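Here's a quick briefing to read alongside the picture. Have the sequence and the 3D view ready, and follow along.

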Amino acid sequence: MKNTFINSLLAVMLTFLFVTPSLADDFNEPYIPAIALYPQQNAVRNRLDLSGIWNFQLDPKDEGEKNGWFNGLPEPQSIAVPGSWNDQLDQQHNYLGCSWYETETFVPSTWKDSEIGLRIGSAVYFAKVWINGQPLGQHEGGHLPFAFAITNKVKWGEKNRITIMVENKLSPDRVPGNVAGGALASQNYPNANYDFFPYSGLHRAVWLYSVPKSAHLIDITLTTNFQDTEGIIHAKVRKHGKATSGTVVVKGKDGKQVSAPIRFNGDETEVDIHIPQVKLWSPESPYLYDVTVELGNAAKPIDSYTLQTGIRTIEVKGDDILLNGKPIIIRGFGKHEDFPIYGRGVAQPVMVKDFSLMKWLGANAFRTSHYPYDESVYAEADKQGILIIDEMPSVGLVFYDDQKDIDRRRKVCDKMLQEMITRDKNHPSVIMWCVANEPSPKTLGSNVLTGTNDAAAEENRIAKEFLGGLVRQAKQLDPTRLATFVGVMGGPADWMECCDLITINRYYGWYTNIGNFPMAERYFSGELDKLHNDLHKPIVVTEFGADAIAGHHANEDEMFSEEYQQKMINAYLDIANTKPYVKGMMIWAFADFRTSQALMRVRGMNLKGVFTQDRRPKMAAWLLKKRWVDDKNGDY
Ligand code: GCB
């Protein structure tokens with residue numbers, strides 16, 4: 001927010017209308033359950049990573065489709081996939097429009113008797129896909145995968161051309177987008193209504209994969225529980241094809257295994273597997289079991305898929321967040337997928353580094369602000385015992401513009417929520433679904449200035465229906481995890497009644513009460529008490545912090561100095577320690593990150609990282625290490 005509100009004071013209200021590409025009949029919407037099982041290589045399944053250098057061409061005149069670019073790009077340049085397109089080539093950093101990607105590949109002849117799929121990890125924001133010039137499908141929304149069956153379209157013994165048109169225009173009916181009247185949207189360049197750079201393109205790996213034709217697994221949902229020393233994994237299995245039976249095998253690291261037969265009467269079945277002397281999953285002991293589901297005869301299965309999962313429970317009781325029945329304290333960050341040149345493209349060395357830095361300073365959690373991250377991040381968090389608040393890309397929602405746009409955004413959110421939960425539901429690290437970041441009332445700017453948090457009656461009604469609907473949908477799709485949205489400073493408190501807990505971002509001392517620490521602390525402390533009194537739920541502060549230019553020092557309270565940032569973080573953590581109902585403190589942000597250009601974003605960067613963009617610690621990082629590792633006393 002904050003610069004949401006500051007900019008709203010300056011805002012020139014502009015309406016940005018872009019037409020969403022039409023749903024042509026021959027372009028199918030992907031089948032969401034097809035993304036449930038990440039492509040896996042094993043004895044019966046195959047996969048081929050299409051990462052590498054692809055052909056690429058910008059299409060600023062939107063002429064590619066008309067001119068049949070899916071039959072071959074006329075003047076391609078080279079581009080790396082995965083990776084954002086913005087900084088790989090000159091003159092397209094701020095580009096908003098259509099771009100075309102193209103690659104060619106043989107499909108291994110050994111896959112001839114299999115079903116074959118094409119899975120695209122993330123295309124920001126809208127994609128149309130062709131194979132060998134034939135339309136395959138389309139997908140709206142970045143940061144989430146989509147897949148198409150291509151079995152009948154493959155050419156054997158010759159190369160297949162895969163063409164993906166990616167289009168990233170910002171419009172009020174997209175999520176996230178450029179909300180008409182959204183304050184950031186009218187001030188930023190490019191004019192996204194959110195505070196991170198609108199990096200675009202194919203951000204994650206593109207896979208070809210094969211699954212057995214006669215029968216294969218489509219979806220596996222694991223939920224876990226325990227009683228005394230016995231663990232219980234409930235497996236819900238969906239398959240396609242002729243198999244009528246199979247097995248679920250659960251194997252611990254010690255090699256001990258338990259299995260249960262499954263029998264299908266239709267395409268779905270469920271089973272409980274009981275694990276004696278269970279080792280529960282927790283940040284202190286992130287124990288993982290291999291869960292293998294096999295179709296057909298165990299000696300020679302038709303299909304097989306292995307998931308790694310942990311057995312744990314998560315719930316809110318009174319003012320506590322309980323993991324495996326025991327209260328936990330969340331210490332962590334909001335992050336971004338962001339690195340020079342890669343943009344938002346998968347940068348695994350950076351991911352590995354980030355985990356080691358989180359461990360170095362004693363963090364146990366992060367939020368995937370403001371969109372779901374690459375799948376490898378969740379697998380690593382499972383292994384390392386880091387808790388995740390998994391957030392969908394619905395940042396900057398408002399409820400006061402054109403009802404048609406609001407309705408369309410709701411539809412997109414519903415779909416994204418389904419996709420996110422389908423993709424991430426088996427990760428023990430994911431303890432909470434976050435359905436939106438900082439949905440805002442129209443009066444946000446004045447609310448923040450006057451210390452109020454009202455909204456007009458009709459806006460309240462729409463917002464509660466929208467946000468409550470999403471939270472309820474998350475709970476319905478996955479009753480085993482917590483669900484919330486992150487509230488903005490100046491946002492109505494009663495919007496949060498639908499949430500399992502209160503998750504809020506606060507910036508007293510940065511966007512308000514600048515330099516006035518006593519006042520900022522009083523407001524922060526007072527508001528925490530009020531929210532808790534009104535809503536009676538535990539509170540996790542999902543964002544607080546200050547920009548600091550690395551290397552800039554001051555011996556008085558001076559914004560942008562490392563000292564100011566450190567002092568602010570220290571003060572917030574001290575206050576949290578006095579509030580027994582505060583169950584989590586997450587600093588904004590883990591590392592400096594790229595934003596649109598704006599008055600408040602020098603060099604187009606948000607500098608609230610406790611690490612620089614290239615992961616060097618600022619003073620605040622050392623402070624956290626001292627508090628969370630060296631002085632470790634159970635406090636923040
Ligand atoms: C927020 C937003 C985050 C911004 C941050 C800031 O509340 O959730 O996206 O980057 O404030 O630094 O202004």
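Does Arg 603 count as buried or exposed? At 62% relative accessibility, Arg 603 counts as exposed (exposed means over 50% relative accessible area, buried under 20%, and partly exposed in between, using a 1.4 Å probe and protein chains only). Keep in mind that this is a predicted model, where local features need pLDDT of at least 70 and side-chain atom pairs count only at pLDDT 80 or more, while totals for chains, interfaces and linings use all residues. Residues are numbered from 1 along each chain as its sequence is written, and side-chain values use heavy atoms, with hydrogens and water left out.

- Most residues other than glycine have a negative phi, and most peptide bonds are trans.
- Arg 603 isn't a glycine, yet has a positive phi of about 60°; look for Arg 603 in the loop between β31 (593-594) and β32 (605-606). (Helices are DSSP runs of H or I with at least four residues, strands are runs of E with at least two, and both are numbered from the N terminus.)
- Asn 132 isn't a glycine either, and has a positive phi of about 50°. Asn 132 sits in the loop between β7 (126-131) and β8 (134-140) and counts as buried, at 14% relative accessibility.
- The peptide bond from Tyr 189 to Pro 190 is cis, with omega near -10°. You'll find Pro 190 in the loop between α2 (183-187) and β11 (201-202).
- Ser 369 and His 370 are also joined by a cis peptide bond, with omega about -10°. His 370 belongs to the loop between β24 (365-367) and α4.

**A three-stranded sheet**

- Three strands make an open sheet in the order β13-β14-β17, with antiparallel pairing (strands pair if DSSP finds at least two bridges between them).
- β13 (215-227) and β17 (268-275) are at the edges with a single partner strand each, so one side of each has no neighbour in the sheet.
- Twelve bridges link β13 and β14; one of the pairs is Asp 219 with Arg 238 in β14.
- These two strands, β13 and β14, form a hairpin with two residues between them, and Asp 228 in the turn has a positive phi of about 50°.
- β14 (residues 230-241) is joined to β17 by eight bridges. Gly 231 stands opposite Ile 275 in β17, and Val 237 has Thr 269 in β17 as its bridge partner.
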